[in-house]
Amino acid sequence: MKHGRLHTVMLFDCRSVADRDRGIAAAIEAVKNGELVVLPTDTVYGIGADAFTPYAVTALRDAKGPDPQAPPPVLVGSRHVLDGLVFMLPKLARDLADAFWPGALTIIVEHAPSLQWDLGETGGAVAVRMPLHPVALEVLRETGPMAVSSANKIGQPAAKTAEEAREQLGYAVRIYLEAGASVDPEPSSIVDLTGDVPRLLRAGAIPLEKIRDVVPEIVGPAETGA
């Protein structure tokens, strides 16, 4: 049953070749069935769901906790997927993806109105990232875009291993993919391209100076006057 909450929870150690292959296959099947998975990324571990399955995205929010949450970012397995998510891809988005993807840069763009998804109150925009982690990319290339948030309960520290995520999220998640401790727990940098001027909303793993090499006109958080 897709909606059942009592199911077998499985943790696969992707540091083992055999377990990695079984785990990735199980994660792909779970996502396609509308279930939740925890997977490693190049920042912290993420809890993910099929971005186009509304009840799965709702389950993701429920798993994290009752507090109001911003719409989850969407992770993709290829730069080309970005073209299919927007009506007209801004040149700056393409330039940033070429420069920093896969990697710790999240790009906010206006998504195509025709997309059949419900991520929450997005205001017509979506935050997209292609993570630099082989396990995540292997899953994403088979599942397509996934709504992914940090694998922790609201108010709890972000999980740096799948085991830490399982301690917090338990039976809400079907498959946990373990790949060892996160190498870089620093969050991704977030660039908003929906306005007239590109803005850095969150300074993270990629410094403003490097982003400015690609987008000279970008405005940093301290320069907005907010």
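Let's start at Gly65. At 13% relative accessibility, Gly65 counts as buried (buried is under 20% relative accessible area, exposed over 50%, partly exposed in between, with a 1.4 Å probe and protein chains only). Gly65 sits in the loop between α2 (54–64) and β4 (74–75). Helices and strands here are DSSP runs: H or I of at least four residues for helices, E of at least two for strands, numbered from the N terminus. Gly65 and Gly155 are 90 residues apart along the chain, yet their C-alpha atoms are separated by 8.9 Å.

A word on the model. It is predicted, so local features need pLDDT of at least 70 and side-chain atom pairs count only at pLDDT 80 or more, while totals for chains, interfaces and linings use all residues. Residues are numbered from 1 along each chain as its sequence is written, and side-chain values use heavy atoms, with hydrogens and water left out.

Now Ser150. Ser150 belongs to strand β7, residues 146–150. Its relative accessibility is 27%, so Ser150 counts as partly exposed. What does Ser150 touch, not counting residues up to four places away in sequence? Val44, Tyr45, Gly46, Ile47 and Lys64. Touching, or contact, means heavy atoms within 4.5 Å. Pro73 is 77 residues from Ser150 in sequence, and 9.8 Å from it in space, C-alpha to C-alpha.

Next, two packed helices. Helix α1 is residues 17–32, and helix α5 is residues 134–143. They pack at an angle of about 40 degrees, with their axes 9 Å apart. That makes α1 oblique to α5. On this scale, angles under 35 degrees are roughly parallel, over 145 roughly antiparallel, 65 to 115 roughly perpendicular, and the rest oblique. The axes are lines fitted to C-alpha atoms, for helices over the stretch in contact, and angles run from 0 to 180 degrees between N-to-C directions. From α1, the contact uses Arg20, Ile24, Ala27, Ile28, Val31 and Lys32. From α5 come Pro134, Val135, Glu138, Val139, Glu142 and Thr143. The residues of this contact divide into seven nonpolar, one polar and four charged. Nonpolar covers Ala, Val, Leu, Ile, Met, Phe, Trp, Tyr, Cys and Pro; charged covers Asp, Glu, Lys and Arg; the others, Gly among them, are polar.

Is His133 buried or exposed? Buried, with a relative accessible area of 15%. His133 touches Pro40, Thr41, Asp42 and Ala179, leaving aside residues up to four places away in sequence.

On to helix α4, residues 91–100. Ala93, Leu96, Ala97 and Phe100 are buried. Seen down the axis, these fall within an arc of 100 degrees, so they line one face of α4. The arc is that of the directions from the helix axis to the C-beta atoms. Lys91 and Asp98, on the other side, are exposed. The buried residues of α4 pack against β5 (105–110), β9 (189–192) and α7 (208–214). In the loop between α4 and β5 we find Pro102. A cis peptide bond joins Trp101 to Pro102, with omega about -10 degrees.

Last, helix α6, residues 162–169. Its buried residues are Ala162, Ala165 and Leu169. They cover an arc of only 55 degrees, which puts them on the same side of α6. They pack against β1 (10–13), β2 (37–39), β3 (46–50), α2 and β8 (175–178). Gly170 follows α6, and its phi is positive, near 50 degrees.
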